[in-house]
Each structure stands twice: as C-alpha cells, then as structure tokens.
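Open the model in your viewer and keep the selection tool at hand. The tour goes stop by stop.

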Amino acid sequence: MGNLYQLLVYPTGTFFCYPHKPFLAKYFGADYAIAYKHFRSGHATDVNLWLHFVCLLAQLAGNFALLAELEAWLPGLAAVTALLWAVSLVVTASPWPARLGSLVLLVGAYFTRHNILDHWQTLSLLQGIIDALTVGYISEVYFSRYMSWIETVLCVHSL
C-alpha cells in the first residue's frame, strides 16, 4: 500500500467513515493479515479492545437509527445497507468467528434499529460514559508514552 491508498482512506474522518476502504484495500492489494498486524500493534491491551467493541456497538446503533429515520423517504434502505455489509463481511479473509460475530452484531442492529431510535436520548447520555472512559484511557496511555518525547523536545529547545 502506498501513499495514494493512505491519501484516499485516512483524510475522510474517523475509523467508521470508511465505506470505501474495503474496495480500496482490494484494489491496492491490502490483505487481512496486513490489516490485522497494523490493528493489533496499536491495540494490544484488553481495555483498548473493549473500548473498540463498545465504540462498534455505539456506531452500529447510531448508523441503524439513522437508517431507520431515513427509511421514511427511502423504504428498504436499512435492509439494503445491512445486506451489502453482510456480503462484504462474508467475503473477507478474516477468521470465521470474527465474520460470524460481525454478522450477529449487524443483524442485531438491523432488527433493533427502531428501538434504538425510540430511546436515542437515553443512549446519548450513555455516550458520556463511553467518552469519559475513552479520555481516561487515552490520558493514561498516550500521555505516559509521549511525555518522555515531549520532555526531550522541550529540553532540547530550551538549551
């Protein structure tokens, strides 16, 4: 994967804004083993993986609530979206348990989309808890990791 791939994928937003990523990865020849290696190197702790799982649930809930709302103008949109995602998940090279787990979560989000939409206010309050946990984790990991780098830079520039 070269700079063109990175330019097409990463400037578009956070990790859940990449509907075009599987197609680009297929075109540029990025395989699952490489993607998993990159993901795992930066996500090695249990807390980090659990936070990613919680974010996945929040993102699925938000996406399918939005699709439920849009179905007033585009009937069947959620079903078509879920079907396209299901097909893309089935044909990946990821291990079968990962594919099956992803499909279960996808189907669950599809069938609960109206309930999610009905309780969006309560769910949005829970987002604050997710945000607090994430900020706490980021503070612990990144500040401890990069403080030595910052101290080095500040000390070098103050000389």
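Which residue forms a salt bridge with arginine 113? Select glutamate 71: its closest approach to arginine 113, taken between N and O atoms, is 3.1 Å. Bear in mind throughout that this is a predicted model.

**Stop 1: the salt bridge**

Keep both side chains on screen. The structure holds one salt bridge, and this pair joins distant parts of the chain. Arginine 113 sits in helix 7, residues 113-118. Glutamate 71 is in the loop between helix 4 (46-70) and helix 5. The two are 42 residues apart.

Arginine 113 and glutamate 71 are both buried. Each has under 20% relative accessible area, because that is the cut-off for buried.

**Stop 2: the whole chain**

Zoom out and colour by secondary structure. Read from the N terminus, the order is α-α-α-α-α-α-α-α. Buried residues make up 19% of the chain's 159 residues. Now consider contacts with a separation of 6 or more: 49% of them join residues 24 or more positions apart.

**Stop 3: helix 5 against helix 6**

Select residues 77-90 for helix 5, then 96-111 for helix 6. How do helix 5 and helix 6 pack? Their axes lie 10 Å apart, at an angle of about 175 degrees. Helix 5 is therefore roughly antiparallel to helix 6, since angles over 145 degrees count as such.

Show the side chains at this contact.

- From helix 5, pick Ala78, Ala79, Ala82, Trp85, Ala86, Leu89 and Val90.
- From helix 6, pick Trp96, Arg99, Ser102, Leu103, Leu106 and Tyr110, which the helix 5 set meets.

Leave Val90 and Trp96 selected; both return at the next stop.

**Stop 4: the nonpolar patch**

Switch to the surface again. Which helix gives the most to the patch? Helix 5 does, with three residues.

Centre on leucine 83, which lies in helix 5. Its relative accessible area is 57%. Leucine 83 therefore counts as exposed, because the cut-off is over 50%.

Show the surface of the entire chain. The accessible area comes to about 11600 Å². Carbon and sulfur atoms hold 72% of that area.

Notes. Residues are numbered from 1 along each chain as its sequence is written. This is a predicted model: local features need pLDDT of at least 70, side-chain atom pairs count only at pLDDT 80 or more; totals for chains, interfaces and linings use all residues. Side-chain values use heavy atoms; hydrogens and water are left out. Patches are made of residues with over 30% relative accessible area and no salt bridge: like charges are joined within 9 Å, nonpolar side chains (Val, Leu, Ile, Met, Phe, Trp, Tyr) within 5 Å. Accessible areas come from the Shrake-Rupley method with a 1.4 Å probe; for residues, only the protein chains shown count as cover. A salt bridge is a side-chain nitrogen of Lys or Arg within 4 Å of a carboxyl oxygen of Asp or Glu. Helices (H or I, at least four residues) and strands (E, at least two) are DSSP runs, numbered from the N terminus. Buried means under 20% relative accessible area, exposed over 50%, partly exposed in between (1.4 Å probe, protein chains only). Axes are lines fitted to C-alpha atoms, for helices over the stretch in contact, and angles run from 0 to 180 degrees between N-to-C directions. Angles under 35 degrees count as roughly parallel, over 145 as roughly antiparallel, 65 to 115 as roughly perpendicular and the rest as oblique. Contact means heavy atoms within 4.5 Å.
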